[in-house]
Amino acid sequence: MNRENTKTTPKKREDRDPVCGKRINRNKAHITLQYKENEYLLCCPICQAEFERDPERYLQ
Ligand SMILES: [Zn+2]
């Protein structure tokens with residue numbers, strides 16, 4: 001008998017600052033940037049500047 005194990009694991013997008021790697025609460029993020037149809041949360045102006053300087057580097 002083949003019992004199907006349908007464990008649905010919804011892909012939960014982790015809200016993470018791509019620059020420093022910190023997990024961020026969406027509501028507490030310094031800024032939310034839209035880049036190439038993706039959203040990126042940045043925790044502080046420093047990370048924002050880093051990201052804007054070279055966004056390609058931080059694409060997920
Ligand atoms: Zn950061």
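User: Does Lys-36 count as buried or exposed, and why?

Analyst: This is a predicted model, in which local features need pLDDT of at least 70 and side-chain atom pairs count only at pLDDT 80 or more, while totals for chains, interfaces and linings use all residues. Residues are numbered from 1 along each chain as its sequence is written. A residue is buried if 20 or more other C-beta atoms lie within 10 Å of its own, exposed if 12 or fewer, and partly exposed in between, with C-beta atoms placed from the backbone. Because Lys-36 has 8 C-beta neighbours inside 10 Å, it counts as exposed.

User: Where is Lys-36 placed, and what is its phi?

Analyst: Helices (H or I, at least four residues) and strands (E, at least two) are DSSP runs, numbered from the N terminus. Lys-36 lies in the loop between E1 and E2. Most residues other than glycine have a negative phi. Lys-36 is not a glycine, yet its phi is positive, at about 50 degrees.

User: Which value is phi of Glu-37 near, and does this residue count as buried or exposed?

Analyst: Glu-37 is also found in the loop between E1 and E2. Its phi is positive although the residue is other than glycine, with a value near 70 degrees. Because Glu-37 has 5 C-beta neighbours inside 10 Å, it counts as exposed.

User: With which residues is Thr-32 in contact, leaving aside its neighbours within four places in sequence?

Analyst: Thr-32 is in strand E1 (residues 31–35), and with 12 C-beta neighbours inside 10 Å it counts as exposed. Thr-32 and Leu-42 are 10 residues apart in sequence, with a C-alpha to C-alpha distance of 6.3 Å. Two residues are in contact if their C-beta atoms, placed from the backbone, lie within 7 Å. Leaving aside neighbours within four places in sequence, the contacts of Thr-32 are Glu-39 and Leu-41.

User: In what order do the elements of the protein chain run?

Analyst: The protein chain has 1 helix and 2 strands. From the N terminus on, the order is β-β-α.
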